[in-house]
Amino acid sequence: MEQAANLLDGINRAIGRGIRWLALFMLLIQFGIVVGRYVFGVNSIAVQESVLYLHATLFMLGAGYTLLIDRHVRVDIFYSKLGPRARRRIDLFGHLAFLIPSMLVLLYWSWPSVRNAWAIFEGPISVGGIKGVFLLKSLIPAFCVLLILQSLSGILRLVTHEGDQ
């Protein structure tokens with residue numbers, strides 16, 4: 001089970017290492033937009049939309065990596081005061097009752113929109129924008145799949161270490 005968990009972790013780790021550079025590209029592009037607009041009086045809708053695309057990609061594809069490194073948002077009222085065994089049980093319940101079911105529902109309900117976007121190669125959000133909304137919408141199922149994979153890895157690790165104190 002450890003090998004399977006390591007394989008699943010490796011997928012999100014590789015994606016996380018690759019997409020973290022998008023934050024720097026977003027910063028540089030946004031800086032260029034501001035300089036272009038206020039210093040040179042130049043503007044481009046496509047360049048502005050590229051920041052939106054990068055931001056969406058960073059967050060949607062980075063969610064699995066965030067779960068892997070345990071930096072996701074956690075409502076921590078009682079959790080921090082509990083022992084390791086109780087934490088594992090709460091985490092297992094969260095994966096099985098909330099994370100995986102919600103990702104499966106989101107995947108199911110978003111798929112027709114993604115399929116339709118690809119069928120017509122859905123165009124730009126704004127006139128003069130990037131002609132790739134179908135790519136943007138494809139991030140939704142990718143987000144779901146990456147979170148499900150990371151959740152399965154978490155479940156494997158939790159079940160493997162259930163006997164540990």
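Is F134 buried or exposed? I looked this up in what is a predicted model, and I found that F134 has a relative accessible area of 11% and therefore counts as buried, since the cut-off for that word is under 20%.

**Entry: the overall fold**

I next stepped back to the whole chain, where I counted five helices and zero strands, so that I can note the order along the sequence simply as α-α-α-α-α, taking "so" here in the sense of the helix definition. For the extent of the protein, I noted that its C-alpha atoms fill a box of roughly 65 × 35 × 30 Å along the principal axes. The radius of gyration is 20 Å, whereas a compact globule of 165 residues would have one near 15 Å. I also looked up how much of the chain is covered, and 30% of the 165 residues count as buried. The protein exposes about 10400 Å², and carbon and sulfur atoms supply 71% of that area. Among contacts between residues at least 6 apart in sequence, I found that 76% join residues at least 24 apart.

**Entry: the nonpolar cores**

How many residues does the largest nonpolar core have? I found 13, and I wrote down I19, L22, M26, L58 and L61 as those with the most contacts inside this core. Three helices each supply at least two of its residues, namely α2 (21-38), α3 (45-68) and α5 (133-160), and the largest share, five residues, comes from α3. A general remark belongs beside this entry: in soluble globular proteins, nonpolar side chains tend to be buried together.

I then followed M26, leaving aside its neighbours within four places in sequence, and found this residue in contact with V51, L54, H55 and L58. There is also a second, separate core of eight residues, and I noted A63, L99, F143 and I148 among them.

Which side chain does Q150 meet in a polar contact of 3.0 Å? I found that the partner is the side chain of N12. Q150 itself lies in helix α5, and at a relative accessible area of 5% this residue counts as buried because the value falls under 20%. Not counting residues up to four places away in sequence, I listed L8, D9, N12, G64, L67 and L68 as the residues that Q150 touches.

I15 is found in helix α1 (residues 2-19), and with a relative accessible area of 25% this residue is partly exposed, because that value lies between the 20% and 50% cut-offs. When I set aside its neighbours within four places in sequence, I found I15 in contact with L61 and L146. I also looked up the pair I15 and Y65, which are 50 residues apart along the chain, while their C-alpha atoms are separated by 7.4 Å.

**Entry: the aromatic rings**

The structure holds five aromatic pairs, and I examined two of these in turn. W118 and F121 form an edge-to-face pair, with 6.0 Å centre to centre and 65° between the planes. W118 has 38% relative accessibility and counts as partly exposed. F121 and F134 are also an edge-to-face pair, for which I noted 5.2 Å centre to centre and 80° between the planes. This second pair links distant parts of the chain, as F121 is in the loop between α4 (84-119) and α5, F134 is in helix α5, and the two are 13 residues apart. Taken together, W118, F121 and F134 form one aromatic cluster, which brings me back to the buried F134 of my opening question.

**Entry: positive phi angles**

Which value does phi of F121 take, given that this residue is not a glycine? I found a positive phi of about 45°, and the residue sits in the loop between α4 and α5. D70 is another residue other than glycine with a positive value, its phi being near 60°. I located D70 in the loop between α3 and α4, where 43% relative accessibility makes this residue count as partly exposed.

How values were computed:
Residues are numbered from 1 along each chain as its sequence is written. This is a predicted model: local features need pLDDT of at least 70, side-chain atom pairs count only at pLDDT 80 or more; totals for chains, interfaces and linings use all residues. Side-chain values use heavy atoms; hydrogens and water are left out. A nonpolar core is a set of buried Ala, Val, Leu, Ile, Met, Phe, Trp, Tyr and Cys residues joined through side-chain atoms within 4.5 Å. Buried means under 20% relative accessible area, exposed over 50%, partly exposed in between (1.4 Å probe, protein chains only). Helices (H or I, at least four residues) and strands (E, at least two) are DSSP runs, numbered from the N terminus. Contact means heavy atoms within 4.5 Å. A polar contact is a pair of N or O atoms within 3.5 Å; within protein, one must be able to donate a hydrogen and the other to accept it, and residues adjacent in sequence count only if both atoms are side-chain atoms. The radius of gyration is taken over C-alpha atoms; the globule rule is 2.2 Å times the number of residues to the power 0.38. Accessible areas come from the Shrake-Rupley method with a 1.4 Å probe; for residues, only the protein chains shown count as cover. Rings of Phe, Tyr and Trp (its six-membered ring) pair if their centres lie within 6.5 Å; planes under 30 degrees apart count as stacked, over 60 as edge-to-face and the rest as tilted.
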